[in-house]
Amino acid sequence: MDIDNILKTAWVRQLKADWKTANYHYFKDSMRLPNLELSSAEGILGKWKGGYYRRLSININLINNYAWEYVREVLYHEMAHQYVEEILGIREDMPHGDAFKRICQENGIDPTATGSINSWVEKRENSSAVSSENHKILDKVQKLLALAQSANEHEAQNAMTKAHELLLKHNLSLLDIQTDWNYIYRQIGEVGKRNPIKTIISAIICRFFFVEAIWTFGYDQHKDRSGQVLEIYGTPENVEMAEYVYDYLQNIPEHLWVEYKGQKEINGNRHRRSFIYGLLDGFYNKLDGQVIEHKSRKLVWKGDPRLKEFYRRRNPKLVRSSSRYTSSSTDAYNSGKTQGRNLVIHKGIHGEGKGKAKLLN
């Protein structure tokens, strides 16, 4: 593994920044910054070595081969060890004893982020996998979305409505079961700048697709580039569906804008954003109309309190923000809004690798 020293220095610098942020969010700024190091020790994700050493190390292979959100989770795990020793003054016989488990539980930190990289990553990905029972739900949704590709506009709209109703009934049934459910979080999209278009799309998936979301700090360790990234929370099947919808709504507006430009013989992209704002507003209003229709049949979604609690534990110091947008062309905005009211989420296909849904042309 050939990693230059400039990049290694950047990784340590980012670990320090993330440590300070987590110390504020989860540990009330109670701890002192330790010595942060990169480790190449085999079979160890990270390690806290207390006493006069005060050393917190993270495996360089983890950093080099996995997303930064994995790195951050291991960092939080080791910080919990630091907190138990230095703040609570407890040196437990078992490193993952009761005090450690309690701190992890209170702050939504993964207590299993230990051991070898491969075994932990495999365990983490298995826990976020959709169960066979819930796969049946998604398969039914996929079949309905396949019908949504029909050239018959009424049939396409009806199929998408039924797909969303099926997801609604599934989530309402989960609320009736008084057991703990497996909630996960996942960062989606590229690290970069947030804009009003991305903000509207994130509002759509939160409002209509049974997930919570937050724009959070993201880091691309191979490019040493920081920015914002969308982090979504929910059951594995809802996260998978929401990620697909998010990707779809990021890609389809550009295609429709090119079509609209050709029809109106527009040069350049001056009114592109107005058209896309209208498109997404129209789609939002369409889904909102479905919610009203569901309510008439007494299918009312009031949110999942268990998911909200999981979300709050992970994000204890929430800061609400919003993006405003202005239209440069009423005609482009209204045309986009009309198309948004007729927009249908089409069926995706699973690509190679991590099972992420890919868009059909």
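So, confidence across the elements: strand E3, residues 55-59, has the highest mean pLDDT of the chain's elements, 97, and strand E7, residues 349-350, has the lowest, 39. Quick reminder: pLDDT is the predictor's confidence in each residue, from 0 to 100, and helices (H or I, at least four residues) and strands (E, at least two) are DSSP runs, numbered from the N terminus.

This is a predicted model, where local features need pLDDT of at least 70, side-chain atom pairs count only at pLDDT 80 or more, and totals for chains, interfaces and linings use all residues. Residues are numbered from 1 along each chain as its sequence is written, and side-chain values use heavy atoms, with hydrogens and water left out.

Overall, the chain averages a pLDDT of 86, and 91% of the residues score at least 70. Over residues 349-361, though, pLDDT stays under 50. The model has 20 contacts beyond four places in sequence for that stretch, a contact being heavy atoms within 4.5 Å.

Okay, now find Gly218, in strand E5, residues 212-220. Is Gly218 buried or exposed? It's buried, because its relative accessible area is 0%; buried means under 20%, exposed over 50%, partly exposed in between, with a 1.4 Å probe and protein chains only. Leaving out residues up to four places away in sequence, Gly218 touches Val191, Arg225, Ser226, Gly227, Gln228 and Val229. Asp29 is 189 residues from Gly218 along the chain, and their C-alpha atoms are 21 Å apart.

Last stop, Leu88, in the loop between helix H3 (68-86) and helix H4 (98-107). Leu88 counts as partly exposed because its relative accessibility is 30%.
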